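Please examine the sequence and the structure shown below. The paragraphs that follow lead through selected positions, ring pairs and charged contacts.

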Amino acid sequence: MPKLSAGLLLYRARAGVVEVLLAHPGGPFWARKDDGAWSIPKGEYDEGDDPWAAARREFAEELGLPVPDGPRLDFGPVKQPSGKVVTAFAVGGDLDITDASSNTFEMEWPRGSGRMREFPEVDRVGWFAVAQARAKLLKGQRVFLDRLMAQPDLAGLSEGQ
């Protein structure tokens, strides 16, 4: 059985350009990676759990902010290159990310040192035009941008540059 994950792609339109909110994973493995490293805020859930509830929970844990009210789109599940299955939702709304703060995790670092260190699950978040988000996002999640831009409500809006 593959691991299950649920995530939320928050989007807004500014000056005719669609922007999405992405999260950069924290910890030493991701510290020097940028393009192809960002993700929608997401996290694992168990078989039988409600993916929408999990997506909202993970968004709040990773950003320290609640999911804004707005229209919800269900993008369904997508199998990632790792084998994990991500079920994604999109919500239209704006969010001030000035006070965003993530939950943390512990791991041995450096490996083999015996020292446990604490890292934020997400070390930064940002709004990106969809065109820029295509370069920032993990390859397996880029399909969610395609599904977002295919929405009739966004017809005529730009992906930006």
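**Positions, ring pairs and charges**

Strand β4, which spans residues 72–79, contains G76; helices (H or I, at least four residues) and strands (E, at least two) are DSSP runs, numbered from the N terminus. The model is a predicted one, in which local features need pLDDT of at least 70 and side-chain atom pairs count only at pLDDT 80 or more, while totals for chains, interfaces and linings use all residues. Residues are numbered from 1 along each chain as its sequence is written, and side-chain values use heavy atoms, with hydrogens and water left out.

G76 is buried, since its relative accessible area is 14%. In this classification, buried means under 20% relative accessible area, exposed means over 50%, and partly exposed lies in between (1.4 Å probe, protein chains only). The areas come from the Shrake-Rupley method with a 1.4 Å probe, and for residues only the protein chains shown count as cover. W38 is buried because its relative accessible area is 4%. The C-alpha atoms of W38 and G93 are separated by 20 Å, and the two residues are 55 residues apart along the chain.

Aromatic contacts come next. The structure holds 5 aromatic pairs, where rings of Phe, Tyr and Trp (its six-membered ring) pair if their centres lie within 6.5 Å; planes under 30 degrees apart count as stacked, over 60 as edge-to-face and the rest as tilted. One of these pairs is W52 with F89: the ring centres are 5.1 Å apart and the planes stand at 65°, so the pair is edge-to-face. This pair links distant parts of the chain, with W52 in helix α1 and F89 in strand β5 (residues 85–92), 37 residues apart. How accessible are its two members? W52 is buried, with a relative accessible area of 15%, and F89 counts as buried at 4% relative accessibility.

Another pair is formed by F105 and F119, whose ring centres are 5.9 Å apart and whose planes meet at 35°, so the pair is tilted. Here too distant parts of the chain are linked: F105 belongs to strand β6 (residues 104–108) and F119 to strand β7 (residues 116–120), 14 residues apart. F105 counts as partly exposed at 29% relative accessibility, whereas F119 counts as buried at 10%.

Side chains of opposite charge can pair when their charged atoms come close. A search of the whole structure finds 12 salt bridges, each being a side-chain nitrogen of Lys or Arg within 4 Å of a carboxyl oxygen of Asp or Glu. In one of them K136 joins D34, with the closest N and O atoms 2.3 Å apart. Because K136 lies in helix α2 (residues 130–136) and D34 in the loop between β2 (17–25) and β3, the pair ties together parts that are 102 residues apart in sequence. K136 is buried, with a relative accessible area of 11%, while D34 counts as partly exposed at 29% relative accessibility.

R134 also takes part in such contacts. With D146, R134 forms a salt bridge in which the closest N and O atoms are 2.7 Å apart. That pair links distant parts of the chain, R134 in helix α2 and D146 in helix α3 (residues 142–149), 12 residues apart. R134 counts as partly exposed at 23% relative accessibility, and D146 is partly exposed with a relative accessible area of 41%. The side chains of R134 and E159 meet in a salt bridge as well (3.0 Å, N to O). Since R134 lies in helix α2 and E159 in the segment after α3, this pair ties together parts that are 25 residues apart in sequence. E159 counts as partly exposed at 26% relative accessibility. Salt bridges that share partners also join D34, D35, D123, R124 and K136 into one network.

Finally, which residues form a negative surface patch? The patch is formed by D46, E47, D49 and D50. Patches are made of residues with over 30% relative accessible area and no salt bridge, like charges being joined within 9 Å and nonpolar side chains (Val, Leu, Ile, Met, Phe, Trp, Tyr) within 5 Å. Lys and Arg count as positive and Asp and Glu as negative, whereas His and the chain ends are not counted; the place of a charge is taken as NZ of Lys, CZ of Arg, CG of Asp or CD of Glu.
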